[in-house]
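Keep the 3D view open as you read.

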Number of protein chains: 2
Amino acid sequence: MIDHITPGFALDVLKILGIDGKGGEVVSTAVNVVSKRQERKDIVKIQDRELKPDEVDKIALIAPNATINIIRNYDVTSKKLVQLPQTIRGTLRCDNPSCISNSREPVEPQFSVDKRQPIRLKCYFCGHVMEREDVLRQF
Amino acid sequence: MIDHITPGFALDVLKILGIDGKGGEVVSTAVNVVSKRQERKDIVKIQDRELKPDEVDKIALIAPNATINIIRNYDVTSKKLVQLPQTIRGTLRCDNPSCISNSREPVEPQFSVDKRQPIRLKCYFCGHVMEREDVLRQF
């Protein structure tokens, strides 16, 4: 279960995980529901699905307060907060078409993460800044 | 609440309704859950949202067994099955670029509905047939 997702972003989390329902995954989501900790929050529950590290990094970008709870036999067996990475490598493309990471050179895209909310990513190569909405478009 | 949605199609129903969470709507969804009536089903619950007739028509196209339940004070006050229309007018475009409904002529797109599942739509003007996946792409 992914809890305390930034309100309104549950469907983006599903996109990050490549879940659209057609694969038969058993999923439930709650969007903009009242939370104790925050004013509003989103929740995503997925049956039998482990999250890969790069999926967790992507979720952290749009939902930095999210917690990932593993539930077994109705009990929370593990609970941890996502962590915003300092840098993001390889998983996103720079929006600047003339950036060297978009050329044919074998250069892996790389961004430094500005942790103020909403998040901003700065390209390591060309300095181009991507806003959260630019990042969302790549999921 | 929209119940008995074809399993895996809850997110398409949200797309039809223009809901992505960013508008603050309180929404919950269940995807591929076990149902009594069907093997699996999807459910979408939305707070304080009435459905327009053309939205219900679109939902019927992808989820012909869906029921629309109005819940007030925790009680189901009304429950009705969606109905597949015989024809669809105006809300979808024909996929055939040379169809007259895609020209500058003032011709409203119109399709007859083949109710066998999954649904197929036949253009009234050029005879082009659109499959369910073609229809989904327009939502």
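Between them, chain A and chain B bury about 1,400 Å², and 54% of that lies on carbon and sulfur atoms. Buried area here is the accessible area (1.4 Å probe) that two parts lose on being put together, summed over both. On the side of chain A, Leu11(A), Lys22(A) and Asn32(A) supply 32% of the area buried against chain B, more than any other three residues. Counting residues instead, the contact takes 21 from chain A and 21 from chain B, where contact means heavy atoms within 4.5 Å.

Before going further, a word on the ground rules. This is a predicted model, in which local features need pLDDT of at least 70 and side-chain atom pairs count only at pLDDT 80 or more, while totals for chains, interfaces and linings use all residues. Residues are numbered from 1 along each chain as its sequence is written, chains are lettered from A and ligands numbered from 1 in the order in which they are written, and side-chain values use heavy atoms, with hydrogens and water left out.

The rule finds 2 salt bridges across it, a salt bridge being a side-chain nitrogen of Lys or Arg within 4 Å of a carboxyl oxygen of Asp or Glu. In one salt bridge, the side chain of Lys22(B) meets that of Asp12(A), at 2.5 Å from N to O. Which elements of chain A supply at least two residues each to the side that touches chain B? They are α1 (10-16) and β2 (27-34), and β2(A) gives the most, with 7 residues. Helices (H or I, at least four residues) and strands (E, at least two) are DSSP runs, numbered from the N terminus. By type, the residues on this side of chain A divide into 10 nonpolar, 6 polar and 5 charged; Ala, Val, Leu, Ile, Met, Phe, Trp, Tyr, Cys and Pro count as nonpolar, Asp, Glu, Lys and Arg as charged, and the others, Gly among them, as polar.

Strands pair if DSSP finds at least two bridges between them. Look for Val27(A), whose bridge partner in β2(B) is Val31(B).

How are the two copies related?

Within chain A, β1 (residues 2-5) and β4 (residues 67-72) pair in the antiparallel sense over 2 bridges, with Ile2(A) opposite Ile68(A). His4(A), in β1 of chain A, has a positive phi of about 60 degrees although it is not a glycine. Strand β4(A) also pairs with β5 (residues 75-81), antiparallel over 6 bridges. These two strands form a hairpin with 2 residues between them, and Asn73(A) in the turn has a positive phi of about 50 degrees.

Finally, a cis peptide bond joins Gln117(A) and Pro118(A), with omega about -10 degrees. Pro118(A) lies in the loop between β7 (110-114) and β8 (120-123) of chain A.
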